[in-house]
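Morning, everyone. Please bring the model up on your screens and I'll walk you through it.

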Amino acid sequence: MSQHYAITMPQLSDTMTEGVLVTWEKQAGDKVERGDIVATVETDKAIMDVEVFKAGYLAAPLAELGATIAVGAALGYITDTMGDVAIAVGEVVDALAQTEMIPHHAGTPIVMPQLSDTMTEGVVVTWEKQPGDQIRRGDIVATVETDKAIMDVEVFQEGFLSGPIADVGSVVEVGHPMGFIVDDAAKTNDTGVTLGGDHKIKDVHHVAPHAADKPAHIPTPKSTPAQIAASGNQPPVARVPGRQASPYARKVAAQLGVNLTGLAGTGPAGVIVAADVARARPSMAEVAHSLPQVDVPGQGRAMTSMEKAVSHAMTASLTLPTFTVTMNISTAALTAAAKANKVSVTVAIAKACSVAMEKFPRMNWAYQPVDKLVERANHDFGIAVTSNDGGLVVPILHGIEHKPLAALQGDWAGLVERARVRKLAPAEYANPTFTISNMGMMGVSHFTAIPTPGIAAIMAIAANGPQGTPFTLTCDHRVLNGADVALYLGVLKQTIEAPDAWIAGVSAAASLSASVATHSAPAVSPIPEGNWDIPVVVIGGGPGGEDCARDLVDHGVKAMMVNNEPFPGGECLWRGCIPSKAWRAAADVIRNRTHDAEMGVDGTTASKLNWAQVEKHRRWVQNTRGEMALKADKGMKIDVREGFGEFVDAHTLKITPVEGEPYSVTFGAAVIATGAPAFVPPIPGARENLASGGVATSDTIWNLPAPPKKLGIVGGGVIGVEMAQIFHDFGSEVLMLERHDRILGEIEDEIAKSLIATLEKEITVVTSAAIHEVSGTSGAMKLRYSNKDGVESSFDCDIVLMATGKRPDTSKLNLDRVGVELDGAAIKVNARGQTSQPHIYAVGDVIGGYMLAHTAATQGRVAAENLLGEAAEYNQDLDCGVTFSRPQAGFVGLSVAQAKARGIDATEAKMPMSIDAKAMITGETDGMIKLVADKASGKIIGVHFLADHCDTLIGAGVMMVSGGMSLKQVAHAIFPHPTQTEIFGELARRLLNRLRRTVKK
Ligand SMILES: Cc1cc2nc3c(=O)[nH]c(=O)nc-3n(C[C@H](O)[C@H](O)[C@H](O)COP(=O)(O)OP(=O)(O)OC[C@H]3O[C@@H](n4cnc5c(N)ncnc54)[C@H](O)[C@@H]3O)c2cc1C
């Protein structure tokens, strides 16, 4: 029998009687953990987070956004059964899911905080305040011990501490009360009654919503809400005959490699649910306890939480097949360099390990059950420290790969201070990617250290001896082999013994948090010496090639740009960004008029499209920009050649001009920037009808005599969606067919879902579609398809646009003659843009990844910098993009999911545009802005938008992410009123407050 819990509107101040629901942070069906924030509400004072202290799954009916809800009334529900996404109408709910579950007279509970993902309980170590004491916001009232550290419990409510309080030494489950705060000194309870360690909340304030007290704004669910999302693309494991398992459980089983046969099911009627599967994959503690134990005589005392954690981790490490390798390294030069740079030797060694790891990224990987490797690029090294009470603590120095030495030294000083008193925040000790233990200072001549599950290697550094300092690596053989490790140690030896080669590049002055990062390795110019016709030839004159050539000549290096079109600009200017945005601008004028009447201006909505003028204006922009670009290129002394380039050998390019004979030029280095044309899949009739114009791609749609009355679009990516809305605004009837189960697959989940909801009001979208045939003649085309249920339909239209992606075509470049390798259709490059031939670079769409104009241009400049001897890298994690839909979707940096995949513990806050003053004034209230921050550093690592004017708002997000700004900096910045930019400050302050509650600085 499923158990349901009501989430009720909390009372956040004495005067609060109701609140307005601003956002749902979870959707019906989402998993909810204790301490999760499920919604935000607006009170008379501020917007506040609603945290729940009940694990389960969010269930509908959920209150509508903007609904006013009385304190104590239900916002929504939590169910304990996965997949049970809505409670039945009229069903009795007999439990509350949050703080109102605490007996009312006791005041506001101070609950055991969840300080890490793995924490389920904590031990009360001290009470810093006594019942009756006055409490101010930010006061520390108690300390608690988790499995890893002793942490302060800080409260954010004014009042007086009141009993019953949990005994010192008692174990309290996460989310359960340790004590209470009352608003009046006279109401404090100091009877000496304490909450026992096994305290459970029994005095539940039961609610049974029925017609009379059901909040008016909660809608009755109309349809079955979306399924719970499972991560990864792995198909679920097969059904087990005679056993029932939920689809999600089968998906989780596939991810964890769990066999469902023989697994006990705890779901309704014995159904196997995901929790059963998760339990089948044991934790470190379970692994430790499952091993045979040898009895020891005597009276044992219970281990402290930290002793237990170390014991479990060390025993679990027996699951790792390890080997050790030692190399003696002289640390004298590094010690001197560390002193000169005013950093500790520990920090210098950590940085050296990271520099050497750039050549051997595998050292930083980890084995993941079952049969998976986590390939991590973030260098977050755990470094062992002894705490003042003799325990072993391993704080993590984060972001070693990109931080300058001075910043690392600052981070390290704070970490050591907190580690010694065991006051590290969870993000400061959880999930290292590599570990260092330095017992050299204790005089040991040799030792080995034990890696724990989650890392592939641990470094043990002993005392300096006659042959140098022994550096011993203990490694997981499933990830590393002996030769890898020997080679790594060899490079580490060079790095440590010759620090001058790299240390200047990572000293305090070097700023590495840019989308173009200066590499820490020594810079060398890879333009080979020789008697070449031209030092560098650039093939392609789009954004990638043109920016590269301009940067080279700007720095005095002669460059030739070979482009098989009369003017530079590439796809962006002639078939992409510019013409599509010229259409969008005209469509915007039509669409914007829809707000006029609402704002009190009548008579402007009868706009009429003048297609000939739209096209004239578009062509004027393109031609003018093309001429301007060519003039500038020639003026800068780029040797511009019109013609098709192909390699003859590693230093010769054949150029075939439109008129005249082909000729060859020799070059020292080359940059390939040839783009990626539209790709048309082999759907019957699609390629065949390109020539007649009945089928178009983004390369050929630019010759329409008039907007089609009816437009069929195959493909629901960014280009398809932009075109769909443009033609909708021009008056076309649009049908979009997508073979996947969701359109806009490349856009952040929540942003995409909101945009899809808007889009579906304007055009018809059929997902999971099978397209059988495209036939007819231009002006009378037919699209035959079936939907996800296999029901066949056809759509008669004027033209079919194949928006089915872009794919590099290098077939005519003769890459095999020069040994440039491919990765699928794209050219394989490293972060510097170097191909498998070090003197040949490739940039832009031809290398895959984000196929965007500014990405291509950035990569072009990175290639130029490397050719100029300035080792530079493109960093996709700082890149950005705008989808010119309405509202516009935009991203900068990482989403929470992307950050998590890179091992970054990230969190986000979001704000709907509907509560922004300026958006309300202009009637542009659709969408939201989200800020993503790294919990450990407090840095903003992502900003996501669904908002009108995102194309200008995004600039602020770009500066935050590429400038490595912290939440604090943005929270303190002054944004002008009334503008949508105020949301950035608001979000930063919210996230900062949220982090303060769990992370003690
Ligand atoms: C409809 C549409 C809308 C878009 N909107 C946006 C947007 O809003 N924002 C955005 O950032 N991006 C947008 N893009 C993507 C953008 O156009 C591309 O990412 C960008 O142009 C890629 O630049 P590039 O230099 O890699 O290649 P290209 O711009 O494709 O340039 C390659 C050049 O090389 C030439 N060439 C190819 N082979 C040879 C050869 N062998 N010899 C000589 N010359 C050769 C080509 O003719 C071309 O001139 C859009 C694309 C489309 C199709």
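Let me start with a cut-off: a polar contact is a pair of N or O atoms within 3.5 Å; within protein, one must be able to donate a hydrogen and the other to accept it, and residues adjacent in sequence count only if both atoms are side-chain atoms. On that basis, a polar side-chain atom of His-854 sits 3.5 Å from a ligand oxygen atom.

Two housekeeping sentences. This is a predicted model, so local features need pLDDT of at least 70 and side-chain atom pairs count only at pLDDT 80 or more, while totals for chains, interfaces and linings use all residues. Residues are numbered from 1 along each chain as its sequence is written, and side-chain values use heavy atoms, with hydrogens and water left out.

Back to the ligand. Ala-853 places a backbone N or O atom 2.8 Å from an oxygen atom of the ligand. Gly-645 has a polar backbone atom 2.9 Å from a ligand nitrogen.

Now the chain overall. There are 22 helices and 52 strands. Helices (H or I, at least four residues) and strands (E, at least two) are DSSP runs, numbered from the N terminus. Of the 1001 residues, 50% are buried. Buried means under 20% relative accessible area, exposed over 50%, and partly exposed in between, with a 1.4 Å probe and protein chains only. Take contacts, meaning heavy atoms within 4.5 Å. Among those with a separation of 6 or more, 64% link residues 24 or more positions apart.

Next, a sheet. Five strands form an open, parallel sheet in the order E36-E43-E37-E38-E39. Two strands pair if DSSP finds at least two bridges between them. The edges are E36 (695-696) and E39 (764-766), each pairing on one side only. E38 (residues 733-737) runs parallel to E39, joined by three bridges. Leu-737 has Val-766 in E39 as its bridge partner. Helix H14 (residues 718-729) lies across E37 (710-714), E38 and E43 (799-802), at about 165° to E38. That angle, on a scale from 0 to 180 degrees, is between N-to-C directions of axes, which are lines fitted to C-alpha atoms, for helices over the stretch in contact.

Two covered strands. In a regular strand the side chains alternate between the two faces of the sheet. In E31 (residues 559-563), five of five residues are buried. Ala-559, Met-561 and Asn-563 are on one side, Met-560 and Val-562 on the other. E30 (residues 534-539) pairs with E31 in parallel over four bridges, and Ile-539 stands opposite Val-562.

E50 (residues 906-912) has seven of seven buried. Glu-908 and Lys-910 are among those pointing one way, Met-911 among those pointing the other. E51 (residues 928-934) runs antiparallel to E50, with seven bridges. There, Glu-908 stands opposite Val-932.

Cys-577 is partly exposed, at 28% relative accessibility. Cys-950 is in no disulfide either; its nearest cysteine sulfur, in Cys-880, is 9.5 Å away. Cys-950 counts as buried because its relative accessibility is 0%.

Note on methods: Disulfide = S-S within 2.5 Å.
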